[in-house]
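Here is a short briefing on one protein chain. Look over the sequence and the model, then work through the points by topic.

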Amino acid sequence: MPVEAKADALIGTVLEGRFQIERLLGEGGMGRVYVADETRLRRRCALKVLLPELSEDKDCVERFLHEAQAIAQIHHENVVDIYHLGEDPSSGVVFFAMELLQGEDLETRLLDRAARPVLWDQACHWIAQAAGAVGAVHQAGMIHRDLKPSNIFIARRRDGRDRVKVVDFGIATMHSETDTGAAGTPHYMAPEQVLGVPFDGRLDMYSLGCTAYELLVGKPPF
C-alpha cells in the first residue's frame, strides 16, 4: 500500500547531493518509486528506492541492483531508460533513477474500458510496440519473466502520440542462466513457469499473447 507523504521520511531529502525527492508514486514488493528532481541536470525523473527493511539483505540488494543493470543493457525506445544507479553515503539508501513517464499502464487502461473502450487497432499498436521491446530484451540475452498489463506502460509523448514502455525487470534473468523458478503473475505465466521446469524466451511471448488476448476480449484467457 502507498505510504502517505507526511509519514515518509524520504520526502524532501536529497540523495547523493543531486536527487531531491518530491513525492511518492507507488510501492512494490521490493521498493518505492518517487518523483524526484535531478538538480544538476535540472530534469525530473523517477527514483526507485529499495525498501529500508531489505537494505541489510544481500540477496535483496543484489536483485535490486540487477534490475537496474538489466534495463541499462537494453537500448530501445520501448524500454524504460535508466539514468543512474547509486547508494547515498549518508543514509545508505540504495536506488536507481530512470525516466519519468507520463501516462498510464495497460492494467489501469483496462479497468477503465467501460468508459474508454480499447479499439482493436489501439491494442495491435500497443502490443506491436511491446513485442519490439521484448525482441530487444531477448537480443540482449535476457528474459523479462513478468510481462503483464501493469508492466506495459502507455507513455504520452510531447506530440500527443502514445509510446509503449516495458517496465519492471525485477525478476528478469539471462538466457544463459538455468532458472526453474516459478516467479511471475499467475494469469500470464507460461506452463513452464507454473511447473518450475527450465524455460527460455518463449515464455515472454506467451505472456505477451495473454496480454493481447485480454486487451481484445476484456478478460484473461485462463
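Arginine 145 sits in the loop that links strand S8 (142-143) to strand S9 (152-156). Its phi is positive, about 80 degrees, although arginine 145 is not a glycine. Arginine 145 counts as buried, at 9% relative accessibility. Buried means under 20% relative accessible area, exposed means over 50%, and partly exposed lies in between (1.4 Å probe, protein chains only).

This is a predicted model, in which local features need pLDDT of at least 70, side-chain atom pairs count only at pLDDT 80 or more, and totals for chains, interfaces and linings use all residues. Residues are numbered from 1 along each chain as its sequence is written, and side-chain values use heavy atoms, with hydrogens and water left out.

- The loop between strand S1 (14-15) and strand S2 (19-27) holds glutamate 16.
- Glutamate 16 is partly exposed, with a relative accessible area of 23%.

**The chain as a whole**

- The protein chain has 5 helices and 11 strands. Both are DSSP runs numbered from the N terminus: helices are H or I with at least four residues, strands are E with at least two.
- For 222 residues, a compact globule would have a radius of gyration near 17 Å, and the 18 Å of the protein chain agrees with that. The radius is taken over C-alpha atoms, and the globule rule is 2.2 Å times the number of residues to the power 0.38.
- The C-alpha trace spans about 50 × 40 × 30 Å along its principal axes.
- Of the 222 residues, 46% count as buried.
- The accessible surface comes to about 11600 Å², and carbon and sulfur atoms account for 53% of it. Areas come from the Shrake-Rupley method with a 1.4 Å probe; for residues, only the protein chains shown count as cover.
- Take the contacts between residues at least 6 apart in sequence: 54% of them join residues at least 24 apart. Contact means heavy atoms within 4.5 Å.

**Helix H3 against helix H5**

- How do the axes of helix H3 (residues 120-139) and helix H5 (residues 202-217) cross? They come within 10 Å and cross at roughly 170 degrees.
- That angle makes H3 roughly antiparallel to H5. Angles over 145 degrees count as roughly antiparallel, under 35 as roughly parallel, 65 to 115 as roughly perpendicular, and the rest as oblique.
- From H3, the contact uses Trp120, Ala123, Trp126, Ile127, Ala130, Ala131, Val134 and His138. From H5, it uses Asp204, Leu208, Thr211, Ala212, Leu215 and Leu216.
- By class, the contact of H3 with H5 has 11 nonpolar, 2 polar and 1 charged residues. Ala, Val, Leu, Ile, Met, Phe, Trp, Tyr, Cys and Pro count as nonpolar; Asp, Glu, Lys and Arg as charged; the others, Gly among them, as polar.
- Axes are lines fitted to C-alpha atoms, for helices over the stretch in contact, and angles run from 0 to 180 degrees between N-to-C directions.

**Tryptophan 126 in H3**

- Tryptophan 126 belongs to helix H3. It is buried, with a relative accessible area of 2%.
- Beyond its neighbours within four places in sequence, tryptophan 126 is in contact with Leu106, Arg109, Val118, Ile154, Asp162, Val164 and Leu215.
- Tryptophan 126 and valine 137 are 11 residues apart along the chain, and 17 Å separates their C-alpha atoms.

**Residues in other helices**

- Arginine 202 lies 19 residues from proline 221 in sequence and 17 Å from it in space, C-alpha to C-alpha.
- Alanine 70 is in helix H1 (residues 58-72). Alanine 70 is buried, at 1% relative accessible area.
- Alanine 70 and glycine 170 are 100 residues apart in sequence, yet 8.8 Å apart in space, C-alpha to C-alpha.
- Glutamine 193 is part of helix H4 (residues 191-195). It is buried, with a relative accessible area of 1%.
- Between glutamine 193 and glycine 135 there are 20 Å in space, C-alpha to C-alpha, and they are 58 residues apart in sequence.
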